[in-house]
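Please look over the sequence and the model before reading on.

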Amino acid sequence: MKQRLLFLGPPGAGKGTQADRLCKKNNLLHLSTGDLLRSEVQAGTDLGQKAQTIMSKGGLVSDELVLSIVKNKLIGLDSGWLLDGFPRNVFQAQALEDLLVQVDQPIQLVVFLKIDDGLLIQRLLARGRDDDNEEVIRHRLEVYKNMTAPLVDHYRGKGLLKAISGSGTIDEISNRIQEILE
Ligand code: ADP
């Protein structure tokens with residue numbers, strides 16, 4: 001089974017939920033930059049303070065900051081992993097690639113969770129996290145379209161991408177993902 005994975009898709013596509021399940025089932029480390037940043041915010045670290053304002057507005061935290069977090073987690077790791085919420089732009093993707101070449105652990109599969117905007121907004125509003133009000137959601141979707149969506153072609157071009165539908169029940173989606181990992 002594939003051991004080094006990346007989840008790509010808009011906010012609200014269900015990446016976090018699916019990543020949690022998949023990682024528990026298959027013993028992979030779940031690395032969510034959103035979760036890692038939120039823990040920094042909660043712990044009140046310097047890094048968290050820098051990130052907080054940007055996150056509450058739905059913008060992207062600086063590449064440098066996010067990269068340092070991911071690097072610390074990936075270096076020296078001997079289990080498989082799943083990256084969720086990172087990379088979020090082409091620069092981060094390139095930096096990730098450089099890092100993975102250094103540690104000799106290339107990505108084996110990029111799972112793209114596809115879903116339409118109407119459903120996304122519904123799901124995010126229902127979730128009700130701090131950055132889930134309508135205005136901020138619209139901005140996050142805009143940022144996704146401009147900055148992150150180009151990664152779909154980037155990874156497709158490398159032959160790493162598999163797209164699956166993110167609509168349906170949690171179980172249905174988990175099964176779809178499990179099938180493409182074999
Ligand atoms: P969602 O699942 O709704 O996309 P996340 O939990 O992944 O949200 O991220 C929440 C916020 O954290 C983002 O809106 C952004 O401000 C920040 N963030 C998370 N990952 C990154 C990243 N790789 N680069 C820059 N900012 C990030």
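The sections below cover the basis of the model, the helices and the pockets.

## Basis of the model

This is a predicted model, in which local features need pLDDT of at least 70 and side-chain atom pairs count only at pLDDT 80 or more, while totals for chains, interfaces and linings use all residues. Residues are numbered from 1 along each chain as its sequence is written, and side-chain values use heavy atoms, with hydrogens and water left out.

## Helix α3

Helix α3 covers residues 46-57, and Gly48, Ala51 and Met55 are buried in it (buried means under 20% relative accessible area and exposed over 50%, with partly exposed in between, using a 1.4 Å probe and protein chains only). Seen down the axis of α3, these buried residues fall within an arc of 70°, so they line one face of the helix; the arc is that of the directions from the helix axis to the C-beta atoms. Helices (H or I, at least four residues) and strands (E, at least two) are DSSP runs, numbered from the N terminus.

On the other side of α3, Asp46, Lys50 and Lys57 are exposed, whereas the buried residues of α3 pack against α2, residues 33-43 (contact means heavy atoms within 4.5 Å). Just after α3, glycine 58 takes a positive phi of about 85°.

## Helix α4

The 12 residues of helix α4, residues 63-74, should span 16 Å at 1.5 Å a residue, and the end C-alpha atoms are 16 Å apart, which agrees; the expected span is 1.5 Å times one less than the number of residues. Leu65, Val66, Leu67, Ile69, Val70 and Leu74 are the buried residues of α4, and they pack against β2, α2, α3, β3 (81-84) and α5 (90-102).

The largest pocket holds about 870 Å³ of space. A pocket is an open set of points on a 1 Å grid over the protein atoms alone, where a 1.4 Å probe fits, with protein on both sides within 12 Å along at least five of seven lines, and lining residues have an atom within 4 Å of a point. Of the 45 residues that line the largest pocket, Pro11, Lys15, Arg88, Arg127 and Arg129 are the closest to its centre, and α2 gives the most to the lining, with five residues.

The second largest pocket has a volume of about 250 Å³ (grid points are joined across faces, edges and corners, and a volume is the space filled by probe spheres set on the points). Its lining includes Arg38, Met55 and Arg129, and α2 and α3 each supply at least two residues of that lining.
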